[in-house]
Structure formats: structure tokens, C-alpha cells
Amino acid sequence: MRTIALALVLAACSSSHHENKTISGDEARKVLLDRNWLDRMPQTDRDRLHVYRFVPSMGGGVFQDRTLFKGTFELFMFEATNNEIRFVLPETHEKVTSRYRIEAVDGPAPFDLKLTIDADPRGPQTYYGIRAETDRDGHVLEQRLHPAAR
């Protein structure tokens, strides 16, 4: 009986290391900003991906629906709190308020962050980012995607 109890305790302890850790409060807002959020890392030059970048110094953000070499973009304005993003989409005059959460994750490679936007006005709701990366003008994204073009 002790062996079974010990095995259950060890299993519970080891599985807790694989759980995602939610980033909350003001840290969530800081992590949201100036970073590329991709729904997937492309494997070929024709793979479609969606990218958000929230850049207050630019006066808003950009959403991209693209492959490595071709795509569309949409500029938007936003306000972000610790758990909500208020989007203003000038092209369609939409105003959308969406709850979001950011979690520390272990993959898919090379990502260590996961962004979920509950009522995403444009994309698939789940995006991934890299904590060490910030990208105000898009050059880091292009450098990161370049190897997939080969």
C-alpha cells in the first residue's frame, strides 16, 4: 500500500513540472508588448502563419496573415490592461474587447510563451512567442523566419 501511495505522490510531483505557468498582473501586459506572437513556426516557404505585434511606441499594432514571402497586414490601435486587450480596427470600424492570458510553456520549439486571446478579432486565438525576443519594427521576425525559406 505504501508503494502505491509513494508512486502516486511521485507521479503528481513530476507532472507538476510540465504544467504551464500563467503570467499575470502587470508582468502579463509587459510580456504582451514589443514581441512577435506567431500561431506556428513555418516549416516551408508556403506555410501560412498569423502574427500579432503590439507596439505602443508605434501607436498601435499589426496583424499579419502571411507566408514567408507574401501576405496581408492590418494595422490597429489597442489598449492593454493586465488581462484585456481593447482593439480598434480602423478598416472595419470594429471595436473588440478580448480577455487574454500568457503562459510560460516548454514548446513547441523554439517558443517558451503562449498567448491566448479569447475573442480574437482576426486570428486563431493561440499564439506563441519567445521571452528573450522583443521586436519593435519587425526585423527580428524576418530574421527568425529566414531559415525556413531554405
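These legends describe close-up views of one predicted protein chain.

The model is predicted, so local features need pLDDT of at least 70 and side-chain atom pairs count only at pLDDT 80 or more, while totals for chains, interfaces and linings use all residues. Residues are numbered from 1 along each chain as its sequence is written, and side-chain values use heavy atoms, with hydrogens and water left out.

View 1. Helices (H or I, at least four residues) and strands (E, at least two) are DSSP runs, numbered from the N terminus. Along the sequence, the pattern reads α-β-α-β-β-β-β-β-β-β-β-α. The chain has 150 residues, and 41% of them count as buried. Buried means under 20% relative accessible area, exposed means over 50%, and partly exposed lies in between (1.4 Å probe, protein chains only). The accessible surface comes to about 9,000 Å². Carbon and sulfur atoms account for 53% of that surface. These areas come from the Shrake-Rupley method with a 1.4 Å probe; for residues, only the protein chains shown count as cover. Among the contacts with a separation of 6 or more, 42% are between residues 24 or more positions apart. Contact means heavy atoms within 4.5 Å.

**View 2. Phe-63 is a buried residue in a strand.** Its strand is β4, residues 60-66. The relative accessible area of Phe-63 is 6%, so this residue counts as buried. What does Phe-63 touch, leaving aside its neighbours within four places in sequence? Its contacts are His-50, Val-51, Tyr-52, Thr-72, Phe-73, Glu-74, Phe-76, Arg-122, Gly-123 and Tyr-127. Take Phe-76 from that list. Phe-63 and Phe-76 are 13 residues apart in sequence, and their C-alpha atoms are 7.9 Å apart in space.

**View 3. Glu-142 and Arg-66 meet in a salt bridge.** A salt bridge is a side-chain nitrogen of Lys or Arg within 4 Å of a carboxyl oxygen of Asp or Glu. Here the N to O distance is 2.6 Å. The pair links distant parts of the chain, 76 residues apart. Glu-142 sits in helix α3 (residues 139-145), and Arg-66 sits in strand β4. Are the two partners buried or partly exposed? Glu-142 is partly exposed at 39% relative accessibility, whereas Arg-66 is buried at 7%. By the salt-bridge rule, the count comes to ten.

**View 4. Arg-122 and Glu-74 form a salt bridge.** Their closest N and O atoms are 2.6 Å apart. This pair also links distant parts of the chain, 48 residues apart. Arg-122 lies in the loop between β8 (113-117) and β9 (126-129). Glu-74 lies in strand β5 (residues 71-80). Salt bridges that share partners join Glu-74, Glu-94 and Arg-122 into one network. Arg-122 has a relative accessible area of 27%, so it is partly exposed. Glu-74 has 14%, so it is buried.

**View 5. Asp-47 forms a salt bridge with Arg-40.** The closest N and O atoms of this pair are 3.5 Å apart. Asp-47 counts as buried, at 16% relative accessibility. Arg-40 is partly exposed, at 34%.

**View 6. Met-58, Phe-73 and Leu-75 make a nonpolar surface patch.** Its area is about 340 Å². Patches are made of residues with over 30% relative accessible area and no salt bridge; like charges are joined within 9 Å, and nonpolar side chains (Val, Leu, Ile, Met, Phe, Trp, Tyr) within 5 Å. Where is Met-58? Met-58 lies in the loop between β3 (49-55) and β4. Its relative accessible area is 44%, so Met-58 is partly exposed.

**View 7. Strand β6 pairs with β5 and with β7.** Two strands pair if DSSP finds at least two bridges between them. Four bridges join β5 to β6, and these strands run antiparallel. They form a hairpin with three residues between them. Met-77 has Val-88 in β6 as its bridge partner. Six bridges join β6 to β7 (residues 94-104), again antiparallel. Ile-85 stands opposite Ser-98 in β7. The hairpin of β6 and β7 has four residues between the strands, and in it His-93 takes a positive phi near 65°.

**View 8. Strand β6 has a covered face and an uncovered one.** The strand spans residues 84-89. Ile-85, Phe-87 and Leu-89 make up the covered face. Glu-84, Arg-86 and Val-88 make up the uncovered face. Why do the side chains alternate? In a regular strand, side chains alternate between the two faces of the sheet.
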